[in-house]
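Hello,

Here is the structure I promised you. Please open it first, then read my notes below.

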Amino acid sequence: MYFPYLRGKQFELIALRELCALFPQKLSKISPIIEPVKASSTLKSTLAELSNRNANFNLIINPRVGDLEGQYERIIEIITSSIPAEYNNYQLVVIIDSKTERNIATLIEFLNGLTLNYNGITLIHQTEINSQTIELLNDQLNIIYNVIYFSKTSRRYYREFDANTLVSLDDYFEEQSRNADYLNQESDFSKEYRFYIQDGFVGFSDFLTIGNNYSESGFLPRAVAIHLSYLENDQIKVKHFVSDSNEDVSDIGGKFSEAINKLVIWCNANNLDTSAITVYRDLQARGHFPGLGTLKKLSIMNHIELIINNI
Amino acid sequence: MEIVTDISKIRSLSQIISPSNFKKIVREDNCYSTFYKLKKHTTISDTTTNLDIINVIYNSLLKNYKNEYVYKNILTNKLLLKKYSLKNTIALNEFNLGKSIADFVLLNGEARIYEIKTELDNLEKLDKQIVDYCQFGDKVYIVTSSKHLNKLIELYDNTTIGIIELTSRNALKTIKEATSNVASFSYETLFKTLRKQEYLELIYEYFNFVPEVSNTRIFKECLALAKKIEVSLFQKMVVNKLKSRNISNPKKIQEKSIPESLKHICYTLNFSKNEYEKLNSFLNKNSKICISHI
C-alpha cells in the first residue's frame with residue numbers, strides 16, 4: 001500500500017479529491033496521510049469525498065506545521081463535521097517527536113477520551129522513543145501503522161515494531177532552492193514501490209514531488225518548473241521541465257509555455273501516459289496557463305497514479 | 001526618557017522604525033520585539049508614550065545613524081508631501097526596474113527615480129542600477145551623504161544623472177540637476193512594470209482592441225503592439241497607468257496625529273482607516289505599561 005504524505009493545502013487536497021473520482025477502483029492501494037494546516041472548506045470536502053468513496057486515510061491530529069498546530073479540539077471538530085459518524089475507515093495519526101514524547105500521558109488520555117468511531121492509530125516516528133514508551137503506546141492504543149521516517153531514526157529502530165504495522169517513510173524529492181536550478185535535470189526518486197513487500201513492510205510513504213519542506217505561501221517565481229514522475233528500470237524518477245526565460249518574474253504564462261512544450265515533446269518521444277499527462281497535452285495544445293497551484297496538483301496526481309498503476 | 005548612544009544598540013533600535021515592524025504592530029498585533037528592544041536599550045519614565053519613544057529614536061537616527069529609512073522618510077516628507085502633492089503625485093517604494101529595485105520613485109507628469117546611497121552603503125551595484133533606471137525614468141537622482149559625494153560627482157560628470165546631498169542638517173541639497181533620459185527608454189523595461197490588467201487597458205486605450213490570444217501569448221502580443229507606439233509617448237502612458245496605484249487614504253496620512261517620523265511607513269503600508277486608528281492607539285499607549293506586559 002502507498003501512503004502519500006500531503007500537507008492539507010488547497011491544491012494538495014484537490015489532487016486527492018480528483019484522484020478519488022478518477023480511480024475509484026484503485027483506492028484500496030493507497031492510504032493518504034494528511035497533515036491538516038488550515039481549517040478550510042477544501043479540507044472538509046476532501047475528507048467527505050474520501051469517506052464517501054470508502055477510501056482509507058490517515059489524519060494527523062498533532063500537525064507540526066500550519067495554523068492547526070496544537071489545535072486538537074479544532075481538528076476533531078473538522079472530522080465530526082465532515083465525516084459521517086458511522087464511518088470508521090480511517091486512522092488518527094500522531095507524529096512522534098521529542099515534543100510528543102514529553103506529553104505522552106496527556107496524549108493517550110486525549111485519544112482514549114474521544115468518542116470518534118475510527119479504525120485505530122497511525123504513529124509517524126520522526127524521532128526514536130524508548131522501549132517502555134513503545135510498550136505503553138501498544139498497551140493503551142490500537143496501533144494500526146507505524147510509519148518509520150528512516151533518515152531520522154537509526155538503522156534498526158523499525159525492528160521495535162510488529163512487521164504487519166510497518167510503513168517506511170523518507171523524503172526522496174531533491175529540492176533545489178531556485179526553480180531555475182532544475183533546468184535540464186532529472187533525479188532519482190525511489191524504488192520503494194518495487195521492494196517494500198520483499199523488505200517486510202506493509203506500505204511505503206513519501207512526500208511526493210513536493211518534499212518535506214513546508215512553506216505557507218508561494219511567491220512569483222523567475223522560472224516555472226514542472227516535476228514529472230516516471231518509471232525507468234524499476235526506479236521512480238523525476239524529470240524537471242523548466243522555462244528558459246528566467247531573468248525576471250514577468251510573463252509567467254510565456255514561461256509556462258516554454259516548460260510545457262518540453263514536457264509534451266518528451267512524453268511523446270517516450271510514449272508516456274497518465275491522466276495528468278493528458279491534461280498537460282491539452283493545456284499545451286490550447287496554450288493555456290492554468291496557474292501554479294494547478295501545476296502542483298497535476299504533479300501530485302501524476303505521481304500517485306504512476307505508483308498505483310505499478311503496485 | 002533616555003536612550004543609548006552606542007551604535008550597535010542604535011542599530012537595534014532603528015529596526016523598530018521600519019515598514020516591516022509596523023506591519024507587525026498594526027496588522028498582526030505583534031509588539032513583542034519592539035518592546036523587548038525598548039526594555040533592553042532605553043530608560044523610560046512613567047509618563048512616556050510610544051509616540052514619545054518613536055520620536056526620540058527617530059531624532060537619534062537623524063543625528064547618529066542615517067539609514068535608508070531616514071532617507072526615504074525625508075524624501076516622502078519633503079518631496080512627496082510638501083514640494084509636490086498627493087493630488088497628482090504618487091510614490092513607489094522598492095520598485096522593480098529591469099534587474100534592479102529602485103528605492104524611491106515619484107510619478108507626476110514625469111517619472112523621477114531616487115537611488116539612495118547612505119554612508120552605510122557601498123557603491124558596488126550602482127552602475128548597473130543606473131542603467132536600468134535610465135530605461136524608465138525621465139530623471140534619475142542619487143541621494144547621498146557627504147561621504148560619497150565627491151566620488152559620485154566625478155563618476156557621473158557629463159551624464160544625465162542628478163546628485164542630491166542629504167546634508168548634516170538633514171536638508172536635501174541639489175548638487176547636480178538631472179536631465180532627460182528619453183534616449184535610453186526601453187520598451188521592455190517600461191512594459192514589465194505593468195500588471196496584466198494595466199497593460200491590457202493601455203493597449204486598448206491606444207489601439208481600441210486587445211489581441212484575442214491565449215493567456216500564454218498575451219504578454220508577448222501586447223509587448224509587440226506596444227513597440228509600435230512612439231517610445232516617449234509609451235513611457236508617458238506607462239507612467240500614467242502606474243499613477244492609478246494610489247494609496248487609499250491620502251487625507252489621513254497628512255493629519256497632524258501622524259508623526260513626521262512615520263509618514264513613509266504609513267505611505268508604504270497604505271493603511272486603511274481602521275489601521276490608522278490602531279496605529280494611533282498604539283502611539284498613545286504608555287510605554288512602561290506595555291513593556292511590563294511582555
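Two salt bridges cross the interface of chain A and chain B in this predicted model. A salt bridge here is a side-chain nitrogen of Lys or Arg within 4 Å of a carboxyl oxygen of Asp or Glu. One of the pairs is A:Asp248 with B:Lys192. Their closest N and O atoms are 2.8 Å apart.

How many residues of chain A are in contact with chain B? There are 12, and they meet seven residues of chain B. Contact means heavy atoms within 4.5 Å. About 810 Å² is buried between the two chains, and carbon and sulfur atoms give 47% of that. Buried area is the accessible area (1.4 Å probe) that two parts lose on being put together, summed over both. On the chain A side, A:Ser250, A:Asp251 and A:Gly287 lose the most area to chain B. Together they make up 45% of what that side buries.

Most residues other than glycine have a negative phi. A:Asn184 has a positive phi of about 55 degrees, yet is not a glycine. A:Leu208 is not a glycine either, and its phi is positive at about 50 degrees. A:Asn184 is in the loop between β7 (166-170) and β8 (186-190) of chain A. A:Leu208 is in the loop between β9 (203-206) and β10 (225-232) of that chain. Strands are DSSP runs (E, at least two residues) and helices likewise (H or I, at least four), numbered from the N terminus.

Are these two buried or exposed? A:Asn184 is exposed, with a relative accessible area of 66%. A:Leu208 is buried, at 0%. Buried means under 20% relative accessible area, exposed over 50%, partly exposed in between (1.4 Å probe, protein chains only).

A note on the basis. Residues are numbered from 1 along each chain as its sequence is written, and chains are lettered from A and ligands numbered from 1 in the order in which they are written. Local features need pLDDT of at least 70, side-chain atom pairs count only at pLDDT 80 or more, totals for chains, interfaces and linings use all residues, and side-chain values use heavy atoms, with hydrogens and water left out.

Best wishes
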